[in-house]
Amino acid sequence: MKLKAIKEAEATHYMPVFSRDSLCIERGEGNCVYDIYGNKYVDFVAGIATNILGYNHPEFTDAVCAQVKTLIHVSNHYYTEIQSRYIKKLCDASGFSRVFLCNSGAEANECALKLVRRFYKNRGEQKTILTAEGSFHGRTLATLTATDNAAQHDVYSPLPSGFKSFKYNDFDDFKSKLTDDVGAVFLETIQGERGVRPFSDDFLVNAYAMCKSKGILFVADEIQTGMGRTGKLFSFEHFGIKPDVITLAKAIAGGIPMGACLAVEEVGTAFKLGDHGSTFGGNALACAAADKVLDLLLGGLLDSAAEVGEYLGERLSHFSKYNFIADIRGRGLMRGIQFTDKVPAALFEGKLKERGYLVNVAGNNTVRLVPPLTITREEIDGLVAALDDVCASTNV
Ligand SMILES: *Cc1c(COP(=O)(O)O)cnc(C)c1O
């Protein structure tokens, strides 16, 4: 009854953009959430790669509550100690010297896009941004333009100009598109929304080298892959490359809304006074949360998550024995299980939920696993057993 009324209120009053699962979550503890009827689910969705500390993490909760009692928000017209401490720590940890703080992934990418344009305008130039087929960069008009979604492009046209795209993982196509008008390449090393689809190591290394040799900026959207998700603080570290700009959001503040655009000094100083801004961006509460997340990552969580991520990959590799599983992909605690077109991935999402595990479906008929970085081997074993149970009873 309770759930019915909740669903009715949403259907009546929320703008009709979300297709929600029939599940109302009341609270979380550890790596699990509980619905309004007290049912427990081990959470391999984690607010979509966001709740990296799980729920009610003692140190994180204490830090956030203490900040709430001290100061939540003031205008960026003033300094705060917590923002000052955090930006220094984030720059030290990332190797970038400049940061802009905002509230979401789309905003972080919007900042990166504006930064690139400003960087070239300072030299009297106007450049095109080259994006990848299959990309997802957000839902503002500019980030939607950078996103590969023809249907949405049609709905929201006219779109900003100055974008073009290259074929996924196709270096020849990439090379042919890297003409003199291109000022920056924008990509995710692993395309999360497109079903945890990684670029090959070779592609990334060569694409980066080609950008460097031509003086073209390389921008990595690390919104989903960043903050330890793939076993390193940022996914670009796997390839020995150093982008000029990266964007972060999702996990950066453990579930408190925050985004960040980081850049090397030459690019990060391109904005002039008043060129960009944000009311909420980098407020005291978000910075206190992000500061604690970074402390915990660097204080051991990054290393343990890398190990547990390897373990998850190893356990999942055995599922290739099922002929309706097309591919198993990903890195660290970001994994995708792609099903053949004989079976819908949503079926597995539903059956895992019945067994007390939350997973979600991303593009390419893929079940995506992006649990908290605090997920345990035992919880992974539980999911693997449940998935094995579901697969064994699937007849195709
Ligand atoms: C989630 C995501 C975004 C958009 O983030 P929002 O906070 O929803 O605006 C952009 N890029 C990537 C790679 C993402 O995963």
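Helices here are DSSP runs of H or I with at least four residues, strands are runs of E with at least two, and both are numbered from the N terminus. We're working on a predicted model, where local features need pLDDT of at least 70, side-chain atom pairs count only at pLDDT 80 or more, and totals for chains, interfaces and linings use all residues. Residue numbers start from 1 along each chain as its sequence is written, and side-chain values use heavy atoms, with hydrogens and water left out.

**Exercise 1. Find the salt bridge between Lys4 and Glu8 and say how the two residues sit in helix α1.**

Step 1: A salt bridge is a side-chain nitrogen of Lys or Arg within 4 Å of a carboxyl oxygen of Asp or Glu.

Step 2: check the distance. Lys4 and Glu8 pair up at 3.7 Å, N to O.

Step 3: look at exposure, where buried means under 20% relative accessible area, exposed over 50%, and partly exposed in between (1.4 Å probe, protein chains only). Lys4 has 48% relative accessibility, so it counts as partly exposed. Glu8, at 46%, is partly exposed too.

**Exercise 2. Which parts of the chain does the Arg20 and Glu10 pair tie together?**

Step 1: confirm the contact. The side chains of Arg20 and Glu10 form a salt bridge of 2.7 Å, N to O.

Step 2: locate the ends. Arg20 is in the loop between α1 and β1 while Glu10 is in helix α1, so the pair ties together parts that are 10 residues apart in sequence.

Step 3: Glu10 is partly exposed, with a relative accessible area of 24%.

**Exercise 3. Where in the chain do Arg315 and Asp381 lie?**

Step 1: again, start with the contact. Arg315 and Asp381 make a salt bridge through their side chains, 2.7 Å from N to O.

Step 2: read off the elements. Arg315 is in helix α11 (residues 284-317) and Asp381 in helix α13 (residues 377-392), so this pair links distant parts of the chain, 66 residues apart.

Step 3: check both partners. Arg315 comes out partly exposed at 24% relative accessibility, and Asp381 is partly exposed at 27%.

Step 4: step back. The whole structure has 21 salt bridges.

**Exercise 4. Is Asn31 buried or exposed, and which side chain does it contact?**

Step 1: find the residue. Asn31 is in the loop between β1 and β2 (32-35).

Step 2: apply the cut-off. With 7% relative accessibility, Asn31 counts as buried.

Step 3: name the partner. Asn31 and Glu379 are joined through their side chains by a polar contact of 2.9 Å. That term covers a pair of N or O atoms within 3.5 Å; within protein, one must be able to donate a hydrogen and the other to accept it, and residues adjacent in sequence count only if both atoms are side-chain atoms.

**Exercise 5. Which polar atoms lie by the ligand's nitrogen and oxygen atoms?**

Step 1: A polar backbone atom of Gly105 is 2.8 Å from a ligand oxygen.

Step 2: take the side chains. Asp221 places a polar side-chain atom 2.8 Å from a ligand nitrogen, and Gln224 has one 2.7 Å from a ligand oxygen.
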